[in-house]
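Please keep the structure in view while reading.

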Amino acid sequence: MACRLSNPTFHIEAPPVRASCGMRLKVSPGIYCLKWRTFQHRAHISHQSLSYKKSTKVVQAAVRPISAPLLENEEQRKQMCEMYGFTQIGEPLPDNITLKNVMDTLPKKVFEIDDMKAWKSVLISVTAYALGILLLSKVPWYLLPLAWAWTGTAATGFFVIGHDCAHKSFSRNKLVEDIVGTLAFLPLIYPYEPWRFKHDRHHAKTNMLSEDTAWHPVWREELDSSPVLRKAIIFGYGPFRPWMSISHWLMWHFDLKKFRPAEVGRVKISLACVFAFIAIGWPLIVYKTGILGWIKFWFMPWMVYHFWMSTFTMVHHTAPHIPFKTSEEWNAGQAQLGGTVHCNYPRWIEILCHDINVHIPHHVSSRIPSYNLRVAHQSLRENWGKYLNEANWNWRLMKTIMTTCHVYNKEQFYVPFDDISPKESQPITFLRKFMPDYT
């Protein structure tokens, strides 16, 4: 028997049973409320859409709110892993363990800055990006998507270098860090200082409702405030989600009113650098290659970069079982260790992006350089392994996030858009139907 589960979801097996549509069963009081219905030939499991080729009976289950006892149950966590696309869902971190307790177990060597390794990462990114530009100039049109994928991923490496500079983990010389960070961000037209100020807040308030400057759930009040806004949010957190960092980039980094008076001076310098790059760099590209050349050599790699920027960020902190907390309930240790996801990507992506997806140690301490993240993660596995959330990148993971993790609910953590506004949630229905479901 297959099952259709929602919010969050679990796979359960049972022998075929004859039952008329509408029959309701209650299993495991307080956890499942089951509704029977029949599909022929294929059953789509909500949010994960597992397919079965033969005629089958289907159990549809609405799972009650995720609770600490549920996450503490090893069997339930294994089922959640299968349904969400994880390799491990960690136990809740006990309240008496602080972030400092976790940090103190890391070996001191992971905090050490190595200039050779830092500049090696710059060499890798510059070489990979130059190779990408060369490929774009040489390959036939039908191979351009592959060249864009390579070049945009190499450009993401520039972001990671600037990211290390912003966290003061690139060089012992802080002026060098500011210069390298600013230059690394320029091809992405990202203003370095505004991003640094807002990103520091993300680390200080990770998975804190309203306070985290990265991804967070939609408020029900936002969804209900306007039909136009509701439609935009549904598209933005659904099919457009892999590029929503563009919206974030525009909203957070160019408005001087969002920064404290002491920050404005540095913000203006970064903005001047970005606008200078646009004013000089873009016309030069157009002059040499034309408008189509600007699209080919800059815009399309930039869109690939934003794909990674968006998807990396949402994978790092978004899952049906990872809560966002109010400031009164928030616990730094739980948010940084248990609220961050380690995700393994294909090796070429990890190399070009300097291991940014080895992300849990980065949230335990942002002073760990990117080239030490793997050693730090191994230490966390040895000391805190049962609390870690881990995954290998797969389509089921992406599908879970994009079709389930929408509106904030204190008990359930997330409510999908189509549970609230089904008539306007066709984009989510489309994703459930057509997104691959492979792990």
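## Helices H16 and H18

In this predicted model, helix H16 (residues 395-404) packs against helix H18 (residues 426-434) at an angle of about 165°, and their axes are 9 Å apart. Angles over 145 degrees count as roughly antiparallel. H16 and H18 are therefore roughly antiparallel to each other. The crossing in which H16 passes H18 is left-handed.

Which residues of H16 meet H18? They are Lys399, Met402 and Thr403, and on the H18 side the residues are Ile428, Leu431 and Arg432. Sorted by class, this contact of H16 with H18 has three nonpolar residues, one polar residue and two charged residues.

## Helices H2 and H16

H16 also packs against helix H2 (residues 74-84): the two axes come within 8 Å and cross at roughly 95°. The range from 65 to 115 degrees counts as roughly perpendicular, and H2 and H16 are therefore roughly perpendicular to each other.

In this pair, Glu82, Met83 and Tyr84 of H2 meet Arg396, Leu397 and Thr400 of H16. The classes in the contact of H2 with H16 are three nonpolar, one polar and two charged residues.

## Helices H7 and H11

The axes of H7 and H11 come within 8 Å, with a crossing angle of roughly 15°. Because angles under 35 degrees count as roughly parallel, H7 is roughly parallel to H11. H7 passes H11 in a right-handed crossing.

On the H7 side, the contact is made by Tyr192, Glu193, Pro194, Trp195, Arg196, Phe197 and His202. On the H11 side, Glu263, Arg266, Val267, Ser270, Met309 and His317 take part. The contact of H7 with H11 has six nonpolar, three polar and four charged residues.

H11 covers residues 261-317, and phenylalanine 299 is found in this helix. With a relative accessible area of 26%, phenylalanine 299 is partly exposed. Phenylalanine 299 and tryptophan 148 are 151 residues apart in sequence, and their C-alpha atoms are 9.5 Å apart in space.

## Histidine 253

Is histidine 253 buried or exposed? Its relative accessibility is 0%, so histidine 253 counts as buried. The residue is found in helix H10 (residues 245-253).

A polar atom of the histidine 253 side chain lies 3.1 Å from the backbone oxygen of tryptophan 249. Leaving out residues up to four places away in sequence, histidine 253 touches Tyr190, Pro191, Pro194, Trp195, His248, Phe259 and Leu271. Among the residues that make the contact of H7 with H11 are Pro194 and Trp195, and histidine 253 touches both of these.

## Two residues with positive phi

Most residues other than glycine have a negative phi. Isoleucine 189 is not a glycine, yet its phi is positive, at about 45°. Isoleucine 189 is in the loop between helix H6 (174-185) and helix H7 (192-204). With a relative accessible area of 3%, isoleucine 189 is buried.

Histidine 354 also has a positive phi, of about 55°, although it is not a glycine. Where is histidine 354? It lies in the loop between helix H13 (347-352) and helix H14 (360-364). Histidine 354 has a relative accessibility of 9% and therefore counts as buried.

## Serine 425

Serine 425 is placed in the loop between helix H17 (417-420) and H18. This serine is buried, as its relative accessible area is 0%. Not counting residues up to four places away in sequence, serine 425 touches Ile234, Phe417 and Asp418. A polar atom of the serine 425 side chain lies 3.4 Å from the backbone oxygen of phenylalanine 417.

Serine 425 and threonine 403 are 22 residues apart in sequence, with their C-alpha atoms 10.0 Å apart in space. Thr403 is one of the H16 residues that meet H18.

## The protein overall

How many helices and strands does the protein have? There are 18 helices and eight strands. Of its 439 residues, 52% count as buried. Among contacts with a separation of 6 or more, 71% are between residues 24 or more positions apart.

Terms used
Residues are numbered from 1 along each chain as its sequence is written. This is a predicted model: local features need pLDDT of at least 70, side-chain atom pairs count only at pLDDT 80 or more; totals for chains, interfaces and linings use all residues. Side-chain values use heavy atoms; hydrogens and water are left out. Axes are lines fitted to C-alpha atoms, for helices over the stretch in contact, and angles run from 0 to 180 degrees between N-to-C directions. Helices (H or I, at least four residues) and strands (E, at least two) are DSSP runs, numbered from the N terminus. A crossing is left-handed if the near helix is turned anticlockwise from the far one by less than a right angle, and right-handed if clockwise. Contact means heavy atoms within 4.5 Å. Ala, Val, Leu, Ile, Met, Phe, Trp, Tyr, Cys and Pro count as nonpolar, Asp, Glu, Lys and Arg as charged, and the others, Gly among them, as polar. Buried means under 20% relative accessible area, exposed over 50%, partly exposed in between (1.4 Å probe, protein chains only). A polar contact is a pair of N or O atoms within 3.5 Å; within protein, one must be able to donate a hydrogen and the other to accept it, and residues adjacent in sequence count only if both atoms are side-chain atoms.
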